[in-house]
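Student: Could we go through this structure together? I would like to learn where the terms come from.
Tutor: Gladly; let us look at it first.
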Amino acid sequence: MSRHRQVRAESTLARQLAALNEAMELGEGRVDDAALEQVFGVLERASSRRSLSADHTVVGFFGATGSGKSSLFNAVAGTDAARVAVRRPTTSEPLAMVWGMAGSSPLLDWLEVAERREGATVPSLVDDAGGLVLLDLPDFDSVQLRNREIVQRLAGQVDVLVWVVDPQKYADAAIHNEFIKPFSAHAAVTLVVLNQVDKLAPHEVKPVLESLSAILDRDGLGSVKVLAVSALTGDGMPELRQRIAAVVKAKAAQGARLAADVTVAAERLAQAAGDGDAAGVHQQDRKQLAAGLAEAVHVESIAAAVRTSFRLEASKRTGWPATRWLTRFRRDPLRRMSLRRDDAPELNRTSLPPAGAAELARMDSSVRDFSDAASAGSSGPWRSSIRAAARSNRDGLPDALDQAVASTDLKANSRAWWWPVFSVIQWVALVWAVGGLLWLGVLAALGYFQLPVPETPKVEGWPLPTLMVLTGVVVGIFLAITSKFLALAGGKGRAALARRRLRESVAGVSQTLVEEPTEAEIGRYRAFQEALAAARH
């Protein structure tokens, strides 16, 4: 591999690892812990491997009982260091043959391989610079649990996987399903060797290789070429050494192995998280949520109280002075709700009854409908987390809504421009009528006491004091009736204004306590999906 391609591959791997780490962090508390732990393990192994020798390529020989794995290891390495038994293999500890011992110790310590040997010169296997570590491992179908654990651990750590099978057990379903198939994504760093071909007749070799290739294709390793070798006779050994040597020379196995690990971890994390995309928050959903919460805090009742309060206050200020005092016996509904006051609204609370079961149910229903609409289309784990985010402030929602209502300026203390005008005219009319009554009273008193009664001025034949009484009373009653119609219209306008402002206040609470947490969780979900996509490509 050229230096340029190697740098590019390393940069791509670094980006994938960063994306996988981001996906893991975003998925915490949302995705199944087992999947997250697997991702953490991949990241931890990748971090450890990248910090160790990049000059050494670790090639592990994996095989089942009787596959001749250790014999093949000895033949490739040109040694008899690996223990071989006639009936059952005796390999219980991994053995490392190292070409280029310098710098290999930390790597072998990480692999937990205690038995190490320096490799002798083997034609066509490695050059003078070395950089190869061959591992002979216990049988992966060993009855010893510890041996199987060693194999499973190192299968996740080596740079190159060499699966060694034999003509008798190459099609064993347990071997493929439990060991080979789980590494189907690692085709780029996988070699499959059919050992002991010397036990087959010449005409049997090709059918067996074709059969094995077909099985590997079903395992997802169709691109892997199967090598037919014999550790006993040496058949196929030069080609196997050349393949290993080519991998070592390219210096790309480590990155390819880690990239495959990242892809597998990302795919499994994606499976645990599920597919789909959240519908998100739309304007119509916001309106429906705010409307539901407004209904729960009785916005319409408050608007009706504003309308009644305005009409009552108008009657107090513009009604006929002779009867307007009667309105003082009617209690202002806004004062009863503590919504008409002169101090700072944010320092007060309403006197509305606390949210009962019906109100709480209406709030919950509105939030649930909103979260269902926003999370529609998302996968199961994330749909649950989006719904939970929408309900995250449930306990504080009733109190926040009450405060929002209490702090809303309903213009309850604002006076209409026509009130003082009508009031002045009403008082003038009353004084005018009272003046006429007093005049008539004086005239009546003079007549009663047989005193001279001065001539009363007349207008169109009507005595002036009588006209004064009549016009004062008529004007007062007319203004009182007119003010009622004006108060009715003004009350509707004031109620509409109060309704709009209350809904705006309620919408502000719903945005802060419901919409924003929901949108933040949806944003987290989409960032998780983007990180997963980046980790897989």
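Student: What makes a polar contact with the side chain of Asp 136 at 3.0 Å?
Tutor: The side chain of Ser 70 does. A polar contact is a pair of N or O atoms within 3.5 Å; within protein, one must be able to donate a hydrogen and the other to accept it, and residues adjacent in sequence count only if both atoms are side-chain atoms. The side chain of Lys 69 also makes a polar contact with that of Asp 136, at 3.4 Å.

Student: What kind of model is this, and how are residues numbered?
Tutor: This is a predicted model, in which local features need pLDDT of at least 70 and side-chain atom pairs count only at pLDDT 80 or more, while totals for chains, interfaces and linings use all residues. Residues are numbered from 1 along each chain as its sequence is written, and side-chain values use heavy atoms, leaving out hydrogens and water.

Student: Why is Asp 136 called buried?
Tutor: Buried means under 20% relative accessible area, exposed means over 50%, and partly exposed is in between (1.4 Å probe, protein chains only). Asp 136 has 1% relative accessibility, so it counts as buried.

Student: Where is Asp 136 found?
Tutor: In strand β4, which spans residues 132-136. Helices (H or I, at least four residues) and strands (E, at least two) are DSSP runs, numbered from the N terminus. Five of the five residues of β4 are buried: Leu 132, Leu 134 and Asp 136 on one side, Val 133 and Leu 135 on the other.

Student: How do you know that β1 and β4 pair?
Tutor: Two strands pair if DSSP finds at least two bridges between them. Strand β1 (residues 57-63) has five bridges to β4, in the parallel sense, and Gly 60 has Leu 135 as its bridge partner there. Strand β2 (residues 95-99) also has five bridges to β4, but these two run antiparallel. Here the bridge partner of Ala 96 is Leu 135.

Student: What joins β2 to β3?
Tutor: Four bridges do, and the two strands run parallel; β3 covers residues 115-118. Between them the chain passes through helix α4 (residues 105-111), in a right-handed β-α-β crossover. Right-handed means that, with the strands pointing away from the viewer, the path from the first strand over the helix to the second runs clockwise.

Student: What makes the phi of His 298 worth a look?
Tutor: Most residues other than glycine have a negative phi. His 298 is not a glycine, and its phi is positive, near 60 degrees. His 298 sits in the loop between α10 (283-296) and α11 (299-318). Lys 251 also has a positive phi, of about 55 degrees, and lies in the loop between α8 (237-250) and α9 (253-273).

Student: Why is Lys 251 called partly exposed?
Tutor: Its relative accessible area is 31%, so Lys 251 falls in the middle class. His 298, at 33%, counts as partly exposed too.

Student: How do you know that the span of α10 is close to the expected one?
Tutor: The expected span is 1.5 Å times one less than the number of residues. With 14 residues, α10 is expected to span 20 Å, and it reaches 20 Å from its first C-alpha to its last.

Student: How confident is the predictor?
Tutor: pLDDT is its confidence in each residue, from 0 to 100. The chain averages 86, and 90% of the residues score at least 70. Over residues 85-90, however, pLDDT stays under 50.

Terms used
Contact = heavy atoms within 4.5 Å.
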